[in-house]
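Please look over the sequence and the model first.

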Amino acid sequence: KDEAFGRYGVRLDHANGDVLDYLVPIELGGSDDLENLWPQPAHGEWNAEKKDALEQKLHAMVCDGSITLKQAQSAIRKNWVAAYTQYVGGAPARAQ
């Protein structure tokens, strides 16, 4: 965990609620390799909850044949925020 956060210049004692996440989730063929781990904000507009929603949507789409596993992996790896917008349906509402 220290090494994964450190790759992004984040010390665990200064992580501000960030969580360690898989860039490509296990259910989409991601691995435990350090290159696939990154600190993800637990709070804010583009947070872990939003990425989890994308992961669930892409998993369902792969299972129903709407997209290939390779397409899902590429979308989430390339730009997960853009993939969220494309597949989940737009930017999350801002808290007021």
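## Terms and model

A salt bridge here is a side-chain nitrogen of Lys or Arg within 4 Å of a carboxyl oxygen of Asp or Glu. This is a predicted model, in which local features need pLDDT of at least 70 and side-chain atom pairs count only at pLDDT 80 or more, while totals for chains, interfaces and linings use all residues. Residues are numbered from 1 along each chain as its sequence is written, and side-chain values use heavy atoms, with hydrogens and water left out.

## Salt bridges

Three salt bridges are counted by this rule. In one of them, the side chains of Lys51 and Glu55 meet at 2.5 Å, N to O. Both residues lie in helix H2, four residues apart, about one turn of the helix; helices (H or I, at least four residues) and strands (E, at least two) are DSSP runs, numbered from the N terminus. The side chains of Asp21 and Lys51 form another salt bridge, at 3.0 Å, N to O. Asp21 is in strand S1 and Lys51 in helix H2, so this pair ties together parts that are 30 residues apart in sequence.

Salt bridges that share partners join Asp21, Lys51 and Glu55 into one network. Asp21 and Lys51 are both buried, as is Glu55; buried means under 20% relative accessible area, exposed over 50% and partly exposed in between (1.4 Å probe, protein chains only).

The side chains of Arg7 and Glu35 also meet in a salt bridge, at 3.6 Å, N to O. This pair links distant parts of the chain, 28 residues apart: Arg7 is in the loop between helix H1 (2–6) and strand S1 (19–22), and Glu35 is in the loop between S1 and S2. Arg7 is partly exposed, at 46% relative accessible area, and Glu35 is exposed, at 57%.

## Around Lys51

Lys51 has 0% relative accessibility and so counts as buried. Its side chain reaches the backbone oxygen of Tyr22 at 2.7 Å. Leaving aside neighbours within four places in sequence, Lys51 is in contact (heavy atoms within 4.5 Å) with residues including Leu23, Trp38, Gln40, Ile76 and Trp80.

Gln56 is also found in helix H2. Gln56 is exposed, with a relative accessible area of 57%. Between Gln56 and Pro25 there are 31 residues of sequence separation and 9.7 Å in space, C-alpha to C-alpha.

## Helix H3

Among the buried residues of H3 are Ala72, Gln73, Ile76, Trp80 and Tyr84. Strand S2 (37–40) and helix H2 (48–63) are included in what covers the buried residues of H3.

## Nonpolar core

A nonpolar core is a set of buried Ala, Val, Leu, Ile, Met, Phe, Trp, Tyr and Cys residues joined through side-chain atoms within 4.5 Å. The largest one has 14 residues, and those with the most contacts inside it are Leu54, Leu58, Ile67, Ile76, Trp80 and Tyr87. H2 and H3 each supply at least two residues of this core, and H3 gives the most, with seven. Not counting residues up to four places away in sequence, Leu54 touches Ile76, Trp80, Ala83, Tyr84, Tyr87 and Val88.

How values were computed
Polar contact = N/O pair within 3.5 Å; in protein donor to acceptor, adjacent residues only side chain to side chain.
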